[in-house]
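Hi there,

Here is the structure I promised to send over. Have a look through it first, and then read on for what turned up.

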Amino acid sequence: DRAPANTAGTILAIRIERDGQRVVAIRPDGTVVENAGWTPGTVDRDATWTPDGNRVYFVSDRESKEKTIGRGSNVFRWNPSS
């Protein structure tokens with residue numbers, strides 16, 4: 001996961017799902033890249049690029065049994081080009 005990512009022109013977004021929300025990346029050609037590990041009922045939020053544009057960091061309650069925003073959340077790293 002150390003290789004540089006080709007993310008030029010890629011946009012981050014939070015997609016509102018029927019039962020939660022998920023961080024996605026939208027490539028310049030319009031392709032939507034979904035991050036692995038999201039499960040229905042979980043909430044991804046606060047997505048941001050690293051300064052070099054190679055990774056995304058976001059907060060999520062994916063690995064928590066307590067589903068109150070801000071409680072039981074973890075920080076995740078994602079390479080949207082892999």
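Before the findings, one term: a nonpolar core here is a set of buried Ala, Val, Leu, Ile, Met, Phe, Trp, Tyr and Cys residues joined through side-chain atoms within 4.5 Å. Please also keep in mind that this is a predicted model.

**The core**

In the largest nonpolar core there are eight residues: Leu12, Val23, Ala25, Val33, Val56, Phe58, Phe76 and Trp78. Strand 2 (20-26), strand 5 (56-60) and strand 6 (74-78) are the elements that each give two or more residues to this core. As background, nonpolar side chains tend to be buried together in soluble globular proteins.

**The overall picture**

Of its 82 residues, 37% are buried. The accessible surface of the protein is about 5,200 Å², and carbon and sulfur atoms account for 50% of that. If you take the contacts between residues at least 6 apart in sequence, 34% of them join residues at least 24 apart.

**Phe58 and Phe76**

Which aromatic rings form a pair here? The count of aromatic pairs comes to one. It is made by Phe58 and Phe76, which are stacked, with 5.6 Å from centre to centre and 20° between the planes. This pair links distant parts of the chain, since Phe58 belongs to strand 5 and Phe76 to strand 6, 18 residues apart.

Are these two residues buried or exposed? The cut-off for buried is under 20% relative accessible area. Phe58 has a relative accessibility of 3%, so Phe58 counts as buried. Phe76 comes to 15%, and therefore Phe76 is buried too.

Leaving out residues up to four places away in sequence, Phe58 touches Val23, Asn35, Asp44, Arg45, Asp46, Ala47, Asn74, Val75, Phe76 and Trp78. Val23, Phe76 and Trp78 in that list are also members of the core. Phe76 has a charged neighbour as well: the charged end of Arg62 sits over its ring, 5.6 Å from the ring centre.

**Strands 4 and 5**

Strand 5, where Phe58 is found, pairs with strand 4 (residues 44-49) in the antiparallel sense, over four bridges. What is the bridge partner of Thr48 in strand 5? That partner is Tyr57. The hairpin of strand 4 and strand 5 has six residues between the strands, and Gly53 in this hairpin takes a positive phi near 75°.

**Thr10 and Arg27**

Thr10 is in the segment before strand 1 (11-17). Its relative accessibility is 14%, so Thr10 counts as buried. Apart from residues up to four places away in sequence, Thr10 touches Ala25, Ile26, Arg27, Pro28 and Trp49. Ala25 is one of the core residues.

Arg27, one of the residues that Thr10 touches, lies in the loop between strand 2 and strand 3 (32-34). Arg27 has a relative accessible area of 35%, so Arg27 is partly exposed. Setting aside neighbours within four places in sequence, the contacts of Arg27 are Thr10, Val33, Pro80 and Ser81. Val33 is a core member as well. Arg27 and Gly9 are 18 residues apart in sequence, while their C-alpha atoms are 6.7 Å apart in space.

Happy to go through any of this with you.

Best wishes

Note on methods
Residues numbered from 1 in each chain as written. Predicted model: local features only at pLDDT ≥ 70, side-chain atom pairs only at ≥ 80, totals over all residues. Heavy atoms only, no water. Buried < 20%, exposed > 50% of the residue type's maximum accessible area, 1.4 Å probe, protein only. Contact = heavy atoms within 4.5 Å. Phe/Tyr/Trp six-rings, centres within 6.5 Å; stacked < 30°, edge-to-face > 60°. Lys NZ or Arg CZ within 6 Å of the ring centre and 35° of its normal. Pairing = 2+ DSSP bridges. Areas by Shrake-Rupley, 256 points an atom, 1.4 Å probe, with all protein chains shown as cover.
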